[in-house]
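Please look over the sequence and the structure below. This report covers a pocket, a loop residue and a surface patch.

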Amino acid sequence: MKFGLMYANAGPFAFPEMLTHLATTAERTGIESIWAVEHVVIPVGYKSTYPYDPSGKIPAPPQVPMPDPLIALAYAAAVTKTLRLATGILILPQRHPLYVAKEVASLDVLSGGRLILGIGVGWLEEEFQALGIPFRERAARTAETVRAMRSLWKPEPEPFSGKFFRWGPLESHPKPVQQPGVPIVVGGHTDIAARRAARYGDGFFPGVTDEEKLTRLLGIMREECAKVGRDPAKIEVTSGRAAPDVDGVRRLRDLGVSRFMVPPPAFDPDGITEGLERLGDLIAKVR
C-alpha cells in the first residue's frame, strides 16, 4: 500500500516555506506522493453543490490560496528527489489539450518521470461560465482531451480529429519520460466516473469514504472493464480521505486499493513533522 497526501497546494501550502516542508518531510517519512487541487477561480456566492462535503460547499474560505497545481508541483519537484507529484485533480475540460500535453510532459521530464495526472470533469458550473466553456459538454470534452494528449505524446506526429479539437500532424516536445505517457487517474464519486476510469483511466480515485460505496464503485468499474475488454487489475485504485489505522488500511487493500490518501496532519511545521512521522511508523507496520 502506498500513501498520498491530498490538498498539498492549498492554504498555507500555497507558499514556498510550508510547501517545501510538507514535500521534503513527506519524502523523508515514506509518503509516496503529494496531490495538488485546482480551481482557477471560486465564484462569489456560487450555487453549485460541492459533492465531497455534507455542507455542499468547499470546506474552506473562498479566499483560500490555491496556486495552479502544475506550478506548485514543479516547485515541489525541485526540492525533492523521489516523491511522486500528482494533480488531485486537474479540471481537464477547462483546459486546451495542446497546453496540458505540453505542460504535463515538461513537468514529467523536469521531475525525472514522477508525475501523475489526476483528472476530473468538474462540478462548479459558475467557474465554467466564467471561462466561457459549456458545463454540459464537460464529460465529452474530458474524454476527447485524454485522447488528444495521448496522441501528442506519441513518438511521431499524427493528425487528430474530434468534436471539440482537430489539427494536422503537430510536433509537441518534450515527450514524457514515462511512456506511453504520464499515467492518468480518473477522479469522481459517481457511477459514471467509475465507467470513465474503466474506459480510459490508468487509475481510479473514487472520492468516497464509505467502504460500501467504494465497493460498489469498484464493482461498476470492473463490470465496465469487462465490457470494453480491459483488465481491471491494470487500473490502480486510490482511496481514503481520513486518518488511517492499520486495520482500515488493510481492509482497503483487500478491496483492491493500492494507494491510501490522507490530508496533511497539521498546518504548522512542527505539527506536520510530528504527524507525518507517525504516519511513517504506520506505513512501516502495514508493509
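The sections below take these topics in turn.

## Model

This is a predicted model.

## Largest pocket

The largest pocket has a volume of about 1100 Å³. Its lining counts 42 residues. Closest to the pocket centre are Tyr7, Val37, Tyr50, Tyr52 and Trp123.

By class, the lining has 26 nonpolar residues, eleven polar and five charged.

## Glu137

Glu137 sits in the loop between helix H4 (125-131) and H5. Is Glu137 buried or exposed, or partly exposed? The relative accessible area of Glu137 is 25%, so this residue is partly exposed. The cut-offs behind that call are under 20% for buried and over 50% for exposed.

Val121 lies 16 residues from Glu137 along the chain. The C-alpha atoms of Glu137 and Val121 are 9.4 Å apart.

## Nonpolar surface patch

Which residues form a nonpolar patch on the surface? They are Val40, Val41 and Leu131. Together these residues have about 230 Å² of accessible area.

Val41 belongs to the loop between strand S2 (33-36) and helix H2 (69-78). With a relative accessible area of 39%, Val41 is partly exposed.

Key
Residues numbered from 1 in each chain as written. Predicted model: local features only at pLDDT ≥ 70, side-chain atom pairs only at ≥ 80, totals over all residues. Heavy atoms only, no water. 1 Å grid on protein atoms, 1.4 Å probe; cavity = no way out; pocket = protein on both sides within 12 Å on 5 of 7 lines; lining within 4 Å. Points joined across faces, edges and corners; volume = space filled by probe spheres on them. Nonpolar A, V, L, I, M, F, W, Y, C, P; charged D, E, K, R; others polar. Helix = DSSP H or I, 4+ residues; strand = E, 2+ residues; numbered from the N terminus. Buried < 20%, exposed > 50% of the residue type's maximum accessible area, 1.4 Å probe, protein only. Patch = residues over 30% accessible without salt bridge, like charges linked within 9 Å, V, L, I, M, F, W, Y side chains within 5 Å. Areas by Shrake-Rupley, 256 points an atom, 1.4 Å probe, with all protein chains shown as cover. Salt bridge = Lys/Arg side-chain N within 4 Å of Asp/Glu carboxyl O.
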